Amino acid sequence: MGLETPFTGPGKIVCVGRNYADHAAELGNVLPERPLLFLKPPSSVIGDGDTIILPPESNQVEHEGEIGVVIGRTMYRVSESEALEGIAGYTCVNDVTARDLQKQDVQFTRGKGFDTFCSFGPAVVELPERDAYRELEVICRVNGEVRQHGAARDMQFAIPMVVAYISSIMTLEPGDLIATGTPAGVGPLLPGDMVEVEIPTVGILSNRVEAYEGT
Ligand code: ZN
């Protein structure tokens, strides 16, 4: 399948929290028994080359480089093999997070939901073989320095399981985006930074960071 970005949508963005043991540990969290899900609003989406805006309400905005899954067909209560068949392709995601606000609230909505806090792209790339998702790696750099480097094989819940699990709760539709969790190494984004999320064979997502300066 594959899709060029930007496209209309995604209709919803479903994220997995604490899907890598090393990242759960760095934030002092235990690994969940089942995927920990939360949503980001479609209004938070930006693309490659756009600017991440740091909101004045937060003093601790952080990058989260992630492997993104884009859904290619409508799916409800599908098996793991059906889930894998229904994936249009993969993309780089930066699940930008106001860590201080996330910790203040029970829900992640405020800490994860600001405009510009969901960067993804630069394209949605279909893998040559469906099982090749196991080989995917994700690297996050800030100003050229590697901050995060994770691999799909280290996920607590593998991609087909995550997609099937989400489909048992809500119908997945073409264009929906799933952010599959971030590995260890999350850290601050400051005005003037250049943050990149790379998935080798998929692409490099680049965004400049700036402080909010009013409308
Ligand atoms: Zn995340």
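Contact is taken here to mean heavy atoms within 4.5 Å. The structure is a predicted model, in which local features need pLDDT of at least 70 and side-chain atom pairs count only at pLDDT 80 or more, while totals for chains, interfaces and linings use all residues. Residues are numbered from 1 along each chain as its sequence is written, and side-chain values use heavy atoms, with hydrogens and water left out.

Ile 67 belongs to the largest nonpolar core, of 45 residues, and is among the members that touch the most others, together with Val 69, Tyr 90, Leu 136, Ile 159, Val 163 and Ile 178. A nonpolar core is a set of buried Ala, Val, Leu, Ile, Met, Phe, Trp, Tyr and Cys residues joined through side-chain atoms within 4.5 Å; buried means under 20% relative accessible area (1.4 Å probe, protein chains only). Helix 5 supplies the largest share of this core, five residues. Apart from it lies another core of eleven residues, including Ile 13 and Phe 38.

Helix 5 spans residues 159-167, and seven of its nine residues are buried (helices are DSSP runs of H or I, at least four residues, and strands are E runs of at least two, numbered from the N terminus). Its buried residues pack against several elements, among them strand 7 (65-71) and helix 2 (80-85).

Glu 64 is buried, with a relative accessible area of 3%.

Notes:
Buried < 20%, exposed > 50% of the residue type's maximum accessible area, 1.4 Å probe, protein only.
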